[in-house]
Amino acid sequence: MKNIFLLFILFTISASAQVNRFFYEYKFIPDSNDKSDVKNEMMYLDISKNGSNYYSRDKYVSDSTNRAEMEKQIKSFSGSINVNRKEKQGTVSFKVTKSYPDFTTYLFRNISSDRYKIKEDQKPEWKILPEKQKIGEYNTQKATTSFGGRDWIAWFSTDIPFQDGPYKFYGLPGLIVKIEDATGSHIMTLVGNKTLPGSPAEEKEPELPQNVRVFGMGGKELEVTEDQFRKAWKAYVNDPSKNMREMMMRNGGSDNTRVSFKVRTQDGKEISDPNQVFREMEKRTKESLAKNNNPIEPDLVK
């Protein structure tokens, strides 16, 4: 059975218009003060001949649904756009891309309405150890590294000939089947795979009507170094609602408002008044920052 699987993988490598999708179960503890609250999210690692993309399944589905709804509203634009996110949006919002053959790595993260493309300036330095272990159907070997402010233990399989893995990890002589940090706060485990026809799809946001801006869409994509991102993050922590206030000052509170804001409070009440929306979103941001104090890469937000 292993030989059949290996031949299948080798065949997909030679096919130029196919994507190998690997499913990873990502378990993590966002709040170091509440270790009983373990989140679980399905992640995709899509590998093609040109590189790989690692991202959340739930976020991908939610973004696709919201994008389709936005495009529908834009086609029949009547002076306002209603942003009402109904789908499960996913807990993991980041995405990581790697370009082959040099494994140039970028992390995509949002700060408020702006999207940052952060170039990774280091590569994982691995120590391969003799210990071996069978994880699911895969024969794996142990390796360790220190990366991003954490010590990591990885198990890779030469049965799957991709020198890649989840998040920013790569460079072992086989696909990373499982990786976890030394505290057990972040664990990514391979649970399945399939082959998709065609090339990876490029997702583009809908083109908004002139002078219309939607919070969380159409923001700037800024390519930055890690140091530049750290400065932007510190500014956001000090004033998390700055971008939203600026947007509301431009688009809200006048007869010419062209965007409607709606959110639901924790008790299910829908509010649309811009000032109330502002207060609710500011409250949520502060609560989120307090509860998400155990990031996958502490060095990036220190």
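This is a predicted model: local features need pLDDT of at least 70, side-chain atom pairs count only at pLDDT 80 or more; totals for chains, interfaces and linings use all residues.
**Stop 1: the core.** Start by selecting Tyr54, Phe94 and Met188, the residues with the most contacts inside the largest nonpolar core, which has 42 residues. Now centre on methionine 188 and show what surrounds it. Beyond its neighbours within four places in sequence, methionine 188 is in contact with a set of residues that includes Tyr24, Tyr54, Trp152, Tyr167, Phe169 and Ile296.

Stop 2: The whole structure holds 16 aromatic pairs. For one of them, select tyrosine 24 and tyrosine 54: their ring centres are 6.4 Å apart and the planes meet at 80°, so this pair is edge-to-face. Colour by strand and you will find tyrosine 24 in β1 (residues 18-28) and tyrosine 54 in β3 (residues 51-56), 30 residues apart.

**Stop 3: a strand and a helix.** Next, pick tyrosine 116 and phenylalanine 229, whose ring centres lie 5.6 Å apart with planes at 80°, so they are also edge-to-face. Tyrosine 116 belongs to strand β7 (residues 114-119) and phenylalanine 229 to helix α3 (residues 226-238), so the pair ties together parts 113 residues apart in sequence. Both residues are buried.

**Stop 4: a cluster.** Select Phe94, Trp126, Phe147, Trp152, Tyr167 and Phe169 together to see one aromatic cluster.

**Stop 5: charges over rings.** Finish with arginine 21, which lies over the face of tyrosine 44, 3.9 Å from the ring centre. Then show lysine 95: its charged end sits over the ring of phenylalanine 108, 5.1 Å from the centre.

Conventions
Residues are numbered from 1 along each chain as its sequence is written. Side-chain values use heavy atoms; hydrogens and water are left out. A nonpolar core is a set of buried Ala, Val, Leu, Ile, Met, Phe, Trp, Tyr and Cys residues joined through side-chain atoms within 4.5 Å. Buried means under 20% relative accessible area, exposed over 50%, partly exposed in between (1.4 Å probe, protein chains only). Contact means heavy atoms within 4.5 Å. Rings of Phe, Tyr and Trp (its six-membered ring) pair if their centres lie within 6.5 Å; planes under 30 degrees apart count as stacked, over 60 as edge-to-face and the rest as tilted. Helices (H or I, at least four residues) and strands (E, at least two) are DSSP runs, numbered from the N terminus. A charge sits over a ring if NZ of Lys or CZ of Arg is within 6 Å of the ring centre and within 35 degrees of the ring normal.
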